[in-house]
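Colleague: I would like to learn how to read a model like this one. Can we take it feature by feature?

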Amino acid sequence: MAKIVVDPITRIEGHLRIEAEVNNGTIIDAWSSATMFRGIEKILKGRDPRDAWFWTQRFCGVCTTVHSIASVRAVENALKIKIPPNAELIRNIIIGTQNIQDHVIHFYHLHALDWVDITSGLKADPAKTSALAASISDWPNNSATYFKGVQDKLKAFVSSGRLGPFANAYWGHPAYKLPPEANLMATAHYLEALEWQKDVIKVHAILGSKNPHPQTFLVGGMAIPIDPDSQNALNADKLIEIKRLLKKAQDFVEKVYIPDLLAVASFYKDWAAIGGGVGNYMCYGEFPDANGNMWFPAGAILDKDLSKVVKVDQGKIAEYVDHSWFDNSAGAGKGLHPYDGETEVRYTGPKPPYEHLDTNAKYSFVKSPRYDEKAMEVGPLSRVLVAYASGHKETKAFVDLVLGKLGVGAGALFSTLGRTAARGIDCLLNAQQTPKFLDELINNISKGDYRIHANEKWEPAEWPAEASGYGMHEAPRGALGHWIKIKDKKIFNYQAVVPSTWNASPRDAKGQRGPYEAALVGTPIADPNKPLEILRTIHSFDPCLACAVHVLDANGNEMVKVKVS
Amino acid sequence: MRKKNDVEHGDAKHGFSDHDCSIGQILRERGVSRRDFLKFCSVMTAAMALPASFAPRVAQALDEVKRPTLVWLEMQSCTGDSEALLRSANPTVAEIILDILSVDYHETIMAAAGHQAEAALDKAIADFKGKYICVVEGSISMKDDGVYGTTGGKTHLERARQVCGGALATIAVGTCASYGGIAAAVPNPTGAVGVREAVPGATVVNLPGCPVNADNLTATIVHYLVFGKIPALDSHGRPLFAYGKRIHDNCERRPHFDAGQYVEQWGDEGHRKGFCLYKMGCKGPATFHNCPSQRYNEKTSWPVASGHGCAGCSEPGFWDTMSPMYKRLPNVPGFGVEATADKIGIGLVAGAAAAFAVHGVLSALRKDKEPADETKED
C-alpha cells in the first residue's frame, strides 16, 4: 500500500495538499490539508464594520466579489438596513458576472488540462478539427485555417524547447481519452477564453472600478452613482457597454463552453460513477428581488435523496477543530456556531521540511464545518441539485438537456463529472439571467429612480449599542456565510464559513471525512507517480484555499475568558 | 518520497535548451506582425513614463533580448495579483506565456502538480541561476519558523530564500509581497513580512497595490529588458515611473477639490456629478500610484472614477495607517516639501478642507494602531 502526496495541488487558488492511500490501483483513503494561514479574523477586531467588506474581500482575489457581498449583507442584516432596489440589481449583475467569468476560467484554465492533452493536439488534422467544431456549434472561429494557425503557434512554442507552464505535466497519461482533434479544439478555446475573460470582467470595472478587488461596495448600497445626465455616473453609455459585454459572455457560454463541456464529457462517462463524495448538498439561495425572494432556491439535499429538499437553518451550522491546527475552548468533539466561533491557531504538525503529515492527529488549517453534524458539499452541483429537486423551471430544463445529451440518469450528477457538468449548467443559467437584471435596472432608471444607497444608518451614531447579523451568498464555489457581532460601533466578533471550508474540511470529531476526502475514496489511480485522477476530482470542486483558511475570530482570547468565567 | 529533478515526464525530449532567438524573432516566427510589435513597444514606453521617442529604442532592445525565464511564487496570498496578470492586456497573458517570457513555475496556471511541479521549479532555478526573474505574490510568515505557510512540505520562507536568493531580480507584486499587506496588519498573527524583509540580500522591486496593476508589472519587466537594469526606486522600493506621483495630484477630480466641491453623501448630487471624494475618506492625497493615468482593466476605470475613494492600497502599512476607510484624512500641522508646490485649493481657503503633507501623515498615523473612535471629523 502506498501513500502518495500531491503538494502543491496546482491550478487552484491557494495552498492545498492531498495525501492518499492507494491499494491495487484505487484510493482507499484520503486527507485534505490546507497549508497556509493568515489570521485575518484577529486583525478585524475593533475595526469599523463598514470597512469589513474591504478586508474580507482580501480573503480571496479569485472569487473577488463574494466576501464583499456576504459582508455588506451581514452588516446590513445586523443594522436592519434595507438597500435600494438599484443597489440590489447592481449587486446581482456583479454576482452573475463573477459566476460566469469564474466558471469559464475554471473549466478552461484550471480544469481542462485534466481531460485535455495539449500535446496530442499537435497531431490533429485541422480539417477534421474544423468539422468537429462545426458539428457542435456555430461559433465563427471554426475554420481549418483557424485551427491550423493555433496548431502552428503551438508547434513553434514546443519547438522552442521551453514549455513554460506546460512543462512536466502528465501528457500522454493513459487516462487521457480525447482524440487529437478534440484536444486541438479545446486548446484553441483555452486561448480564446483567456482573451474573453479579461473583456467580460470589465463589467466589474465599469460598475466597481476594477477587477480583481472591485472597490465599490458600501454598507447600505453601492458606490457607483446613477445619473443619465452625467459623465461621472452610470449613464446610457456605460449601461449599453455592460449590455454588450453580457451578450459577449452569454454567446461564449452558449456557443463554446457548453458544447465543449458536452463534447469532452462524452468521452469520460466513466467519471459519472467516480468521485461521489459525502452525498449531502447545501445551497443558501441567490439573486434576491426587491422583496427578498431568491431566484435560485435555498435548501439542502441529504443522502442523495432528490425527492426531498430540506429547509436550511443557519442555527444548525457548527465548526469543529478536532483535526485542525486550532484550539477550541468548548472542548474536544464540540462544535461552535459561527456567532460564538473562536480560533486560536496552534500548529502541531511536523516541523518543515516534512514528507508526510500525521493524519491521525491534526493536519490542516481548515476547520470542519458541519450542518446538523453532517458534512455538506457546497458549490454549483449543490445549487443545481437543490434547484432541480425544487422544480426550478430553468434549471430543470438544462439539467434534463445535459443528461439527455450524455445519455445518463440523474444519479450521474453525484460524481466528479456531475460536478463539472453542474458548473456548466450553473454558468449557463447565470449567463442567461444576468442580462435580465440589467434590463430591470435600466427600467428603474428610466422611471427616474437613481437611488443607490440607503443613507439613514451610514453614521455610527445611528447604530444600536450592540447588534448581530449574518449575510449569506451563493459564491461561484458555493454557500458562503458571514456572521458579525457589533459592539460600541466596532467589530466585536466576525466569522466566515466559506465554500472551500465546507468542501476542503478535514475529518470531524466523529471521523466523518470532508467532501474532498470522501470524493477521492474509490478513485482509480493508473500510475501513483502521476496521480492525474486525483487532480480531476479535486479540481471538480474548484478549490479556493485562501478563502477556506480565514477562520474569523475577531475576539480571540478574550472570548475564551468570558466563556470560562 | 519526492525525487529531486524528477523531470523525465512529458517534455524530456524537448529539454530546456538555451535558444538564440530574440523576443522580436520569436514573435515574428509566431506570426505577430511588426506593426503589432511596435504598438506593444509604444504602449510599454508610455507605461514606463518615457517619452514616445523612446519607442524605437524599446523595440530595438526587445529585438535583441532572449525570452527570459520567470518563476512566480505564491506565499500568503489571495491570488489577486495572479488574477490581475490574467487581465493584462498589453501584452495579454497568452502573449506573456507563449511569446515573451518562459513562465516555468506558476502554481495557478501550470499543468504539472505535486513533485513534478516542484521539479520544474528546481530545474528552472538551477539551469538559469542568477538569470531568472522571480515574482513573489503574498506575504511571508516569519513567526514560529514559518509554519503558517508551506508548499511541498517546505516553508515559504525557505522557498523565498532559495528562489529569490538565486534570482537576477525579484519583483514583489502587490502590497502583501511588498510590505506584508493585510496579514501584517495589527496584530500580525503570523509575523507576516514582505520579501525585502524576509530575504534581506535579494534585489527586490516592490509593486504594491491591491492588487498590482498588471501594466506596471509588464512595464517593470520590459524596463529591465530594455535598459539592462531595474528602474529607479523610491524609498519604499517602488519604481518612480509608476509611483512617483501622488494620486491626488493626477486625479481627474482635483479641480473639484480645488473648487471646494465635495461629495457629502453617497448618491447625492455631488456624487452623481463626480465631485471630490475627500470627505468620504479618499486617501488619494496620501497615496503614490499611477492609478489615475494607468487605470485598470484596459484603462476602463479606477476607484475614484467609479465613485469610491482611494483606499491608499499602495502605501506600506496602509491597512493600519489608512483605516477606517471612510474617515477623512486628518489635518496635519506643517507642510512637507511637495506641499509648497501644491496648489492648495480655494476649498481650504473656504475652510472646508485641509491639505496634506504626505509622509508626515503616514508617520503620524502609524502611531495610531487602534482604529479611532471618531468616524467623522467635523
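Modeller: Start with burial. A residue is buried if 20 or more other C-beta atoms lie within 10 Å of its own. This is a predicted model, and with 29 C-beta neighbours inside 10 Å, A:D542 counts as buried.

Colleague: Where is A:D542 found?

Modeller: A:D542 is found in the loop between α15 (532–540) and α16 (545–548) of chain A. Check its backbone too. Phi of A:D542 is near 60°, a positive value in a residue other than glycine.

Colleague: And is A:H213 buried or exposed?

Modeller: A:H213 is buried, because 27 other C-beta atoms lie within 10 Å. A:H213 has a positive phi of about 60° and is not a glycine. Look for A:H213 in the loop between α8 and β4 (217–218) of chain A.

Colleague: Next, peptide bonds. Which peptide bond of chain A is cis?

Modeller: Read omega. The bond from A:P352 to A:P353 is cis, with omega near -5°. A:P353 sits in the loop between β12 (344–345) and β13 (368–371) of chain A. Chain B has a case as well: the bond from B:V186 to B:P187 is cis, with omega near 10°. B:P187 is in the loop between α8 and β8 (192–193) of chain B.

Colleague: Now sheets. In what order do the strands β1, β2 and β3 of chain A run?

Modeller: Follow the pairing from strand to strand. In chain A, three strands form an open sheet in the order β1-β2-β3, with antiparallel pairing. The edge strands are β1 and β3 (26–34) of chain A, each pairing on one side only. From one strand to the next, the twist averages 20°.

Colleague: How many bridges join β2 and β3(A)?

Modeller: Strand β2 (residues 16–23) of chain A and β3(A) pair in the antiparallel sense over eight bridges.

Colleague: How many residues does each chain give to the contact?

Modeller: Count both sides. Chain A gives 90 residues and chain B gives 91 residues. On the side of chain A that touches chain B, the elements that each supply at least two residues include β1 (2–6), α6 (144–159) and α7 (180–200) of chain A. α7(A) gives the most to that side, with five residues. By residue class, this side of chain A divides into 44 nonpolar, 25 polar and 21 charged.

Colleague: Within one chain, how is chain B divided?

Modeller: Chain B has domain 1 (23–241) and domain 2 (247–366). Treat the domain boundary like an interface. In chain B, 15 residues of domain 1 are in contact with twelve residues of domain 2. On the domain 1 side, α8 (174–179) and α10 (214–227) of chain B each supply at least two residues. The residues of that side divide into eight nonpolar, five polar and two charged.

Colleague: What are the scores of the model?

Modeller: The model scores ipTM 0.94 and pTM 0.90. Then go to the chain. Chain B averages a pLDDT of 82, and 81% of the residues score at least 70.

Colleague: Where in chain B does pLDDT stay under 50?

Modeller: One stretch is residues 1–19 of chain B, for which the model has 39 contacts beyond four places in sequence. Over residues 332–378 of chain B the pLDDT is also below 50. Where pLDDT is low, the predicted coordinates should not be read in detail.

Key. Residues are numbered from 1 along each chain as its sequence is written. Chains are lettered from A and ligands numbered from 1 in the order in which they are written. This is a predicted model: local features need pLDDT of at least 70, side-chain atom pairs count only at pLDDT 80 or more; totals for chains, interfaces and linings use all residues. Two residues are in contact if their C-beta atoms, placed from the backbone, lie within 7 Å. Helices (H or I, at least four residues) and strands (E, at least two) are DSSP runs, numbered from the N terminus. Ala, Val, Leu, Ile, Met, Phe, Trp, Tyr, Cys and Pro count as nonpolar, Asp, Glu, Lys and Arg as charged, and the others, Gly among them, as polar. Domain bounds come from an automatic or database domain assignment. Two strands pair if DSSP finds at least two bridges between them. Axes are lines fitted to C-alpha atoms, for helices over the stretch in contact, and angles run from 0 to 180 degrees between N-to-C directions. A residue is buried if 20 or more other C-beta atoms lie within 10 Å of its own, exposed if 12 or fewer, and partly exposed in between; C-beta atoms are placed from the backbone. pLDDT is the predictor's confidence in each residue, from 0 to 100.
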